[in-house]
Structures are given as C-alpha cells and as structure tokens.
Amino acid sequence: MTKWLARAKVNLVLDVVGPRADGYHELRTIFQSIELADVLSVEPADGIAVVCAAPGVPDGPGNLAFRAAARLREQFKVDAGCRIAIEKRIPAAAGLGGGSADAAAALVALNDLWGLGLTSADLVTLAAEMGSDVPFMVAGGTCLGTGRGELLTPVATAGRFPIAVVVPPVAVATPAAYQAVDRWPTPLHPDIEPAIAALRSGRWRDLAAAVGNTFEAPVAAGEPRIAEALATIRGIVRQGVVMSGSGSAIAVINPSPGQVEELARALPDCFVWAGLTACAGVSRLATN
Ligand code: C5P
C-alpha cells in the first residue's frame, strides 16, 4: 500500500474579474499550498472503491477521487482496479480545495500504481476536467492561476512562511458565492502584482498588506459567522487576514505563535490550524 499527502491550498489573492460566456468566471488568483493535508492510502483491488469515514464526504462515485480513478481507467484502458481510503483532515466546503486535493492525489497515485507513465503536464491537463482548482492541486507550490483557475504560472518565492487557517462552522456552496459576487454593487478587484513581488523578496509584511479576495465582502454579508470571525481575527492580527476561495476558511499570513493561541481561544467554535506553506501539492508519504 502507498500513502500520499494531498495538501490544501489557500488563495493569497483572488480577483474574480467577471462572468464569462461559458458560465464560469474569469479569475486572477495566487494559489498557495499549505502543509495541512488529507492522507490517501492506495492499494490494488478489483474495480474502484473510494472510502472515507468523515461525515458529509461521499464514498464512491460522488467523490472526486473516484471520478479521477474512473476517468484514468477508461481513458488508458486499465484492467486493474484500486482501493483508495481517504483520511480527511482538510475541512470540506471551506475554500481550501479539500475535494480537489483528493482528486489530484488520486491522479498522481494511480499514475504510479498503474504504471501509466504520464508526465506532470499530462496530469495537470486531465485534472482540469475534474474541476477548476484540481490542476493547481496537482502542480502545488505557489502559482498564479488565470482562466477559470486552471491556467497556471509558477510564482517564485523566497521560501516557506508561517500561515494559519481559521474555518468557521459554515459550508459555502461555490456557485452561490459566485452569484453573490455578480450581485454585489462594489466588487473588490485586488491587484496581484504586489503579492507576487512580496513572495519573491520574502517580505511577508508586504505580502500581508497585499492579500485580498473579491468573494470576501459578498459572502461575509450573507454569512454572519464568517463576518464575526473576520472581525475577531482582525482584532488579534491587524494585517494579512483574508478569506480563501469562496470561504468559509480565513487565512492568516505569518502569525506569531502567541497570536495563534489567541485565535484558538477567541474562536472556540472554529477549526484552527497553524503551520507552514508547502512547496508541493501531492507527495508520497510512505510505502509498506
Ligand atoms: O470547476 P468547478 O467544478 O470547481 O466549478 C464549480 C462551479 O463554480 C461552476 O459550475 C461555476 O458555477 C462556478 N465557477 C465559476 N468560475 C470559476 C470556477 C467555478 O463560475 N472560475
């Protein structure tokens, strides 16, 4: 059996540029992998099975990892099967790309298990069919995402930095969040460039000043628990607080250990995680 880490992402900056003719929205975003990860155990089996004990996460075909496995098997006429057990650590429907991370890890793990010989570029292309942020979850690290989020350009960074994630107990449906943005009279369109310069130079304070997300105001307006959490966090950490994706997760750039303790104390109903950013999306954990 092989074990794989499927890392979560945050969006350090997210500009929903506007709606497109195909029903998607044009994005400009900086994706950042973080150490928080699901663990996938992958082994040979007859047929395809995906199991996950976490509440609200579907087993079987409803799971993106199952769809990734089925797609690979069909396209490359694979006779073998697989059993994928997902140990869920990334909160679901939180804007952290949890389901997408599992699909990305399934693509990478099954390329290995079934000896398909696909390159990273091949996997990124296949990933785009599974969802707009699955390609980034395969690529990992730090990337500028454009198009519907699937067109990736790596962003040079001076290194890893501390980051915290606070998740209020609210599940946000992504399509509804896009509708809220479309109705919002004064959407924020954060500039990507200052964040790219700060990442390159390692000036984490400048990075903290450069974060922003078009979704934040419209989504927080409809979800008081997110608005309250944002206000509480900003009372503790003055800069570098930004909602990730369509929420409800809130990222905190470069917090001190004391601030992380304070966040956990002040937000007892929230999931609070602190760690480092990561340079990879999917990686092999161990083989036994
Ligand atoms: O691509 P994905 O399956 O993650 O998208 C889910 C939904 O989110 C889409 O059906 C669409 O309503 C919305 N979406 C969007 N623009 C994007 C990405 C997603 O409008 N760039």
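Arg-28 and Glu-193 form a salt bridge whose closest N and O atoms are 3.5 Å apart, a salt bridge being a side-chain nitrogen of Lys or Arg within 4 Å of a carboxyl oxygen of Asp or Glu. Across the interface of domain 1 and domain 2, the rule finds one salt bridge. The model is predicted, so that local features need pLDDT of at least 70 and side-chain atom pairs count only at pLDDT 80 or more, while totals for chains, interfaces and linings use all residues. Residues are numbered from 1 along each chain as its sequence is written, and side-chain values use heavy atoms, with hydrogens and water left out.

The two domains, whose bounds come from an automatic or database domain assignment, are domain 1 (2-155) and domain 2 (162-276). Their C-alpha centres lie 23 Å apart, and the contact (heavy atoms within 4.5 Å) takes 28 residues from domain 1 and 38 residues from domain 2. The area buried between them is about 2400 Å², with 68% given by carbon and sulfur atoms; buried area here is the accessible area (1.4 Å probe) that two parts lose on being put together, summed over both. Of the area that domain 1 buries against domain 2, Leu-12, Val-13 and Leu-14 supply 22%, more than any other three residues.

A further case is Thr-277, which is placed in the loop between β11 (271-276) and β12 (282-287), strands being DSSP runs (E, at least two residues) numbered from the N terminus. Thr-277 is buried, with a relative accessible area of 2%, where buried means under 20% relative accessible area, exposed over 50%, and partly exposed in between (1.4 Å probe, protein chains only). The side chain of Thr-277 reaches the backbone nitrogen of Phe-161 at 3.0 Å. Neighbours within four places in sequence left aside, the residues in contact with Thr-277 include Glu-35 and Arg-160.

Those two residues also pair with each other, as Arg-160 forms a salt bridge with Glu-35 with the closest N and O atoms 3.6 Å apart. Because Arg-160 lies in the loop between β6 (151-154) and β7 (162-167) and Glu-35 in strand β2, the pair ties together parts that are 125 residues apart in sequence. Arg-160 is partly exposed at 40% relative accessible area, and Glu-35 is partly exposed at 36%.

By this rule the count comes to twelve salt bridges. Among them, Arg-89 and Glu-87 meet at 2.7 Å, N to O, and salt bridges that share partners join Arg-20, Asp-22 and Glu-26 into one network.

Terms used. Helix = DSSP H or I, 4+ residues; strand = E, 2+ residues; numbered from the N terminus. Polar contact = N/O pair within 3.5 Å; in protein donor to acceptor, adjacent residues only side chain to side chain.
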